[in-house]
Amino acid sequence: MNRIITYLLFFLVGINVMAQVNVSGTVVDKENHEPLAGASVIVKGNDGKIKKYGVSKKNGTFALTLQAVNGCRLEVSMMSFTKKTISLDSVSFPLTIELEPGKTLLKEVTVKADRIREQGDTVTYNVGSFAQQQDRSIGDVLGRMPGINVESSGKIQYQGEDINKFYIEGSDMLGGKYGIATNGINHDDVGAVEIMENHQPLQVLSGLMYSSKAAINLKLKEKAKATWTFHGDAGGGYSWQPSGAIWDGELFAMAVLPNFQNITTFKTNNIGEDLLSQAADFFAGGRGTSLSRYIGVSLPGVPNLSRKRTLFNRSALVSTNALWKLGRGEFKSQIDYSFNRVTAQAANITTYYLSGGNRVVTEDRDGTDRSHALSGEFIYELNQKTSYINNTLKTNVSWDNVRLSMTGSLPNDQSASLPDYYVANDFKLIKRFKDKHLVTFSSKNEWESLPQTLSVSMSGDFIRQHVKDHSFSTNESASYSFTVNGITISMEGGVEGYVRTMKSNLSQMADVSDDMTSVVNTNYFSLYATPSLEYWVKRVDISLNAPIIFAHYTFDKALANRSEVFFSPSLSINWKPNNRFAIGVNGGLGRSPMDLSLILPGYLMTSYRSFLHGVDDFYTSTSQNVSARFSYKHTRHGLFANASVAHSWNHSPYTLAQQLYGDYVVYSYSPAKSNRRSFSANGSVSKTLNFMRGTVGINGSFRRGELHLISEDNLVNSVSTSWLVGAKLYGAPLRWLSFDYRFYFSSSQLALDDTKASWLGNVENDLMLNIMPHKKWEWHISGEHYRNELTEDNYKNMFLLDTKLIFKYNKHLEFSASLSNIFNQRTYNYTTYTQLYSFESQRWLRGRELLISISLRK
């Protein structure tokens, strides 16, 4: 009996299955026939009621099973596409459903995402709510977010301070070289930007060591995760000055996988885009080798004008950066190569302020600078709550060759060879035990060689200045820290060693001196101890550091050997009463050793008519400094504000001196007390304008510096003062219109011995309009206006106009044509002042340029 019932059930189920209909098919984009994932697929009956609902898969396919489809219709819809309806009577399956791009109208329901959200110490910006049609990289969008400032190099500041980490999905792949990501990652791949305030990057120090810095984390969209993303641009055209072909190209690839990240990019152009700054390490501090270039031959630059207008370049950059997660740790590699060929022309007039009457020198310069740089950084890092290990091996090799021809008061030809070879290894181990105890060991070793050669042909004579300069530095330390009742007490002790050899030689020049050779061996050995105390109480952090150093210097008979003790205490207080306000005060004082590169017994030629003569004795200087910061934010209102002031004093027993010998200028240091004082103030306020998806901001700065100099054996008191105010406004008031506007006004004055020169001002206006007459077309119109005061009441105005037309064939492919410097402006004049001279210059600009480009996005 049971067997009969079982057969009967199978028979009834079979009849039911045979009666069902499988509604299946594929949803594709009608324009490119690519599959569409996430499309809504609905089957409705004659009465309009939904019988079955589904969503297309990643490959665009769908499948719905119904008892019958007579009288039914299929509706397929998706955001940004026109809905399509198909009668299911007399159709065969599977179907191919082509959706046409179009507008999707949302009725009755409005969904609005917050532009800025805040949770604890994390502020989250919605990228889509700040992005405009003309934006390409995530850096373009970051610059529109209130509280964030982005430089053209990609360097980021939050509330007026540099960030201390740049993460992509929580991983620090790039370190300080995050400009590659800022200027490379497509903003459409990023869903949100997180700002983590008071970010302590070392988990082992969390809760023990306070940090006032912020970090950035990019939260990618799902489409950019667990896959490779690519985009590329290629363009070519013609330039009117210099006349000839121009090009611009970029390839960018990124992978963000669970255990692997990679960013690789290749860029090349000759249209004035500076690529070298994009590969800079923004977290790099000063090198322990303490070497600096003496030879100062370089091409003329142009202040107060966009670099893209003045840079005549042929540049290329290749950068590959990778991160592998190995168990609990990470291994990272960063390899960069860059090539840069820059040419420049300028006509200059330099006026030296002398007690017996001013001296005027005219120069017409024409030069070329060729540079290559190869760098590699290899890092292993373990960053956990109980332990931290980091070993960083880095190397940098660069070659820089400059050629400069000059006519005017002193016709000459100069060439400089300026290579740099650097290797360093930095190791740090931190162990945390019993939650409140820390032990730290660190070791840093650096070696650098900085040879320099200057060759000058002048008046039938050939002069060569050659410098061999190399050094080795080592710093080994250990520290112990413990916390009791909110007080963290630390003691660090270490030893530092330094060895440097410098030799310089120049052919005889009787007009200046017979002493043209220097041999300096500078060595020192130091022992140091740094006790510190940090106290957290009621959202106030108080930190006191009191480093004390004993150092013994030897100079191999160039100077007398010396032993010195240095003590430089500092105090910082940070108060954050709530998540809106933050206030910080810092101060310090102490003694410090001189710049060892100033120990130079003989004369060294730094350019064709400039010489340097160092000090003849070791000296120390004293200094005091105090600074304060304030920041405020109200994320719900989109309001961010910050301000800072700083004042410093420096006292030295030597004073910079300028002396003219015929046509030559000698800079040296005289044994006379020198007091320097500087004051600075900065501030900015920015706010969202939600009614037009925009942002408005204002900023200002003030600088005042006072120092003493000696010119032609006369003591000169110099006071330089400058200030700047700026404003920016971004927005999209209409669906088809968006704009960017920036305004800057600056003014400066130089006073010598209470004789004040006139204030000279500069004005800059930048405006960019983006017009979208059709969903496939964009038209950019951008202009710059400069108004520079050359002398009192003598102004020079300049207008520069660009335009660009973009056709978006589809979401992956677009074409563009741009015309820059439409008015074909060719020269630019400006004047600057220093404590010892004024400098008037006329520079050549990039002329009119036409560029046709194609862009691909994956």
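Where is His774 placed? His774 sits in strand S46, which covers residues 760–774. Keep in mind that this is a predicted model. With a relative accessible area of 41%, His774 counts as partly exposed, because that label covers values between 20% and 50%. Phe807 is 33 residues away from His774 in sequence, and the C-alpha to C-alpha distance between the two is 9.5 Å.

Now go to the inside. The largest nonpolar core holds 40 residues, and Tyr125, Ile168, Ile185, Val193 and Ile263 have the most contacts within it. Take Ile168 as a way in: leaving out neighbours within four places in sequence, its contacts include Met173, Leu174, Ala181 and Ile185. Further along the chain, Ile168 also meets Asn217, Leu218, Leu220, Val256, Gln261 and Ile263. There's a second, separate core too, with 30 residues, among them Tyr294, Tyr352, Val467 and Tyr667.

Thr530 is another buried spot worth a stop. It belongs to strand S29, residues 517–537. Its relative accessibility is 16%, so Thr530 falls under the 20% cut-off for buried. Setting aside residues up to four places away in sequence, Thr530 touches Ser490, Met491 and Glu492, along with Ala546 and Pro547.

S1 (residues 21–29) runs antiparallel to S4, and 6 bridges join the two.

Next, a few backbone details. Most peptide bonds are trans, and most residues other than glycine have a negative phi. Against that background, the bond joining Phe93 and Pro94 is cis, with omega about 5 degrees. Pro94 lies in the loop between strand S6 (84–87) and S7. Gln241 to Pro242 is also a cis peptide bond, with omega near -5 degrees, and Pro242 is in the loop between strands S16 (228–240) and S17 (243–257).

As for phi, Asn198 has a positive value near 50 degrees. Asn198 is in the loop between S14 (190–196) and S15 (215–220), and is partly exposed at 23% relative accessible area. Asp713 has a positive phi as well, near 70 degrees. Its loop lies between S42 (694–711) and S43 (714–734), and Asp713 is exposed, with a relative accessible area of 64%.

Key:
Residues are numbered from 1 along each chain as its sequence is written. This is a predicted model: local features need pLDDT of at least 70, side-chain atom pairs count only at pLDDT 80 or more; totals for chains, interfaces and linings use all residues. Side-chain values use heavy atoms; hydrogens and water are left out. A nonpolar core is a set of buried Ala, Val, Leu, Ile, Met, Phe, Trp, Tyr and Cys residues joined through side-chain atoms within 4.5 Å. Buried means under 20% relative accessible area, exposed over 50%, partly exposed in between (1.4 Å probe, protein chains only). Contact means heavy atoms within 4.5 Å. Helices (H or I, at least four residues) and strands (E, at least two) are DSSP runs, numbered from the N terminus. Two strands pair if DSSP finds at least two bridges between them.
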